[in-house]
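The following questions and answers concern the structure shown below. Please read each answer alongside the model.

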Amino acid sequence: MTRRVLRSPTGLAGAVVVALLVLGALVSLVWTPFDPTLVDPASTWLPPLSGGHLLGTDGSGRDLASQLLAGARVTAFTAATATVVAAVVGVGLAVLAAVPRHGGEVVAHLIDVLVALPTLLLAMVLAAVYGGSVWTAVVAIGIGTGVNVARVARAEMTSVLGADYVLAAEVAGAGTGRIVRRHVLPNVAPVLVVQLSLVLALAVLAEAALSYLGFGTPPPTPSWGRMLQDLQQYVTVHPLVVVWPGCAIAVVVLGFTLLGDALRDAIDPRMRLPGQAAPAVEVLP
Amino acid sequence: MIRVRRLVPLLLAAAVLAVACSGAESGGAGAPAADTTLDVRLVLEPTSLDITSVAGAAISQLLLDNVYEGLLTRDAGGAIVPLLAQDVSTSPDGLTYTFRLHDGLTFADGSPLTSADVVWSYRNVIAPESKNPNKADFAAVTGVDAPDPHTVVITLSRRDANFTYALTDRAAAVLKQGTDPATLAGTANGSGPFVIRSWQRGSSITLARNEHYWGQPANLSGVVLHYIPDTTAANNAQLTGETDVETGPDPTLLSQFQGPDFTVAEGVTSDKFVLGINNGRGPLADVRVRHAIRQAIDKDGLIRVALAGKGQRIGSGVAPTDPWFDAGLTSIDPYDPPAAKALLAETGFGSGLDLTLVVPNIYSARIGEYVASQLGQVGIRVRYEPVEFATWLDRVYTKADYDLSIVDHAEARDIGNYANPDYYWRYSDAQVQQWADQASTAASDAERDGLYRQVARKISEDAVSDWLYSPTSLVVLRAGVTGFPTRETNSRLDLAQVTASAAQ
């Protein structure tokens, strides 16, 4: 599957971008050209490639390249952890809603209600109560996107649960837990992977938006969203500076989206064999 | 149809004639038009018009001098001058002030303003049930009396060296006797040169010239105060001519207003950005650690970074507007990171020190990030915590649960806070308390100023706080606007003298 993703040009591009993000985040743990939070009143608003500053400096004389590298850390961390939260929330709710027990319908409706709740609004409420932090952003983004995952996963699970092999397993005496583990989850895994790769892109965007609005990563931790917010007011005076965090956010979101698309193409057989009905993903083990 | 067509040029000609005549009446070409309205950008909208019970600079900025007047006021240079009173005499013991009111004083509704209104207003301030936020300004007042309709006599329990200043401030606003306090939140009947015409909540307040004004009427026929909190939006409004005047522009963005169309006027403010230090807490109780903190922060650099140079160092808890301001105090604890490191090593914190920096999130993060970064350079690891202002009030101001804090002390003449051991700095010094006490009851301004200067020097030498800067008050004016106040524009904005030629 990995080979299939990398063979498509979009998949390769996405993988490269994501690899760069992870690399940047890892490198920033041990090295940045300058201390990203070090202010220097003697070198404010330096243009790129001056005084050893690759991308120049901001109004406090902080190195923009170092801030971007350190910001990658927050972005990568938030995206990854929010996606884990989304997976847990999504799968958990989907299983509760799909498995025919009393209460399943209620959970299904609950998911529909939660889907209608905007993620940013949820994050702002959480930030207002618990204070803005990386963790509030992670939880809010995880829950907000998790319910969307749950909605898709539930539909898939319901169709799997109606399959003959599930009936056969039930007749053979398998419990609900075993059926979910052995039949349902493996069968919805491809759909989940695609969904979660899209969650990664959404999480990057949501983190940037939250930090931009002041509800995400608190200062002085560098974050792309906060950089964008801090620098955009100078767009009329120093038009170039705001380009860097803006581009970083756009490119990384695009990278995750391309990767997600390529993953879907690679996994979903319908995309590979146009015009053909989808075969059963897996037969009885 | 033909008749109508003929009528149009006729009407136009009549209109032109009318305009020309009205122009001639107001003094001919080039003179300020008598019916000009000015659009002004302000930042903070008041929540109420009730000057007697609601705190906040937005109310005094809007209402003082413009709508309500006191016995005294402050002129454009900050000097205390008579307003409703035409003169004042003081008894030799400094305990009795006698004011003679101007003749023919009136409120905006046309009714006369007499000493009875002053007595009623001021007795309300000192009444036990008074909710006036500036009640403390009148703490020494024991009696307010009116021997005749033109005379007001105020008696004090002790000398109060700041009493005439208090009479220029909002506690001294004179309201009409018998005004129902419940009506004050939405309406105002003052004696000032303007009246409140309308209030579009969340957007603007319109002032109209008070046609019954007892003194020299305002030059402008009206002023629309646009409340625009966002600096970029405010800049755009000024650049496009939506506003004629922009108060409180972002000093780092002033390059947009170069050229002949705009002037940027500068003035002083009573704002003091203070790096508060919890003097009662752990290592910060050691004066050497506090000196190290002060020496580690390059204030000139901060003024460049945060204000593009539009501010000044103050060196102590005194703003340039206060009579006892002493610019020489900036030489105490000059920027010297090696000396700061040496001091820290001497106190046993050479290997580092961990402190929290709690800052209300209403201020630009740039200030806190700058301070945290500079302290980091000498080995003080700062955990920077931006908090809501309400949280700051509770945690820092009330409970003193903090190490370092940054807040703008905007109040003028507030050095007395350093004599209060329960203030959030937790600084207690018997000498300072004695001097401040003597200063507040000093017999002359010179004696008072001398004592406050001693207090200012002592608290700077004790490194009670670090005083980051006092920002310059900035006003962007469209060409043709003159007489706009530049001093302390956040809390006082006398608009009566402003003139404006019609916008191009």
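Q: How many salt bridges does the structure hold over all chains?
A: This is a predicted model, in which local features need pLDDT of at least 70 and side-chain atom pairs count only at pLDDT 80 or more, while totals for chains, interfaces and linings use all residues; side-chain values use heavy atoms, without hydrogens and water. Residues are numbered from 1 along each chain as its sequence is written, with chains lettered from A and ligands numbered from 1 in the order in which they are written. A salt bridge is a side-chain nitrogen of Lys or Arg within 4 Å of a carboxyl oxygen of Asp or Glu. Over all chains, the number of salt bridges is 36.

Q: Which residue forms a salt bridge with Lys310(B), and where is that residue found?
A: The closest N and O atoms of the pair are 2.6 Å apart. The bridge links distant parts of the chain, 44 residues apart, with Lys310(B) in the loop between helix H7 (299-307) and strand E14 (311-312) of chain B; helices (H or I, at least four residues) and strands (E, at least two) are DSSP runs, numbered from the N terminus. The partner, in strand E12 (residues 262-267) of chain B, is Glu266(B).

Q: What is the distance between the closest N and O atoms in the salt bridge of Asp394(B) with Lys399(B)?
A: Asp394(B) is partly exposed because its relative accessibility is 39%. Lys399(B), at 52%, counts as exposed. A network of salt bridges that share partners joins Arg281(B), Arg383(B), Glu385(B), Arg395(B), Asp401(B) and Asp403(B). For Asp394(B) and Lys399(B), the closest N and O atoms are apart by 3.0 Å.

Q: Which residues touch the most other members of the largest nonpolar core?
A: A nonpolar core is a set of buried Ala, Val, Leu, Ile, Met, Phe, Trp, Tyr and Cys residues joined through side-chain atoms within 4.5 Å. In soluble globular proteins, nonpolar side chains tend to be buried together. Of the 68 residues in the largest core, those touching the most other members are Ile293(B) and Leu468(B).

Q: Which residues are in contact with Leu468(B), leaving aside its neighbours within four places in sequence?
A: Contact means heavy atoms within 4.5 Å. The list includes Lys299(B), Leu302(B), Ile303(B), Ile367(B), Val371(B) and Ile406(B).

Q: Is Glu488(B) buried or exposed?
A: Glu488(B) is found in the loop between strand E20 (481-482) and strand E21 (499-500) of chain B. Its phi is near 50°, a positive value in a residue other than glycine. Because its relative accessibility is 7%, Glu488(B) counts as buried.

Q: What pLDDT does chain B average?
A: The pLDDT is the predictor's confidence in each residue, from 0 to 100. In chain B, 93% of the residues score at least 70, and the average is 90.

Key
Buried < 20%, exposed > 50% of the residue type's maximum accessible area, 1.4 Å probe, protein only.
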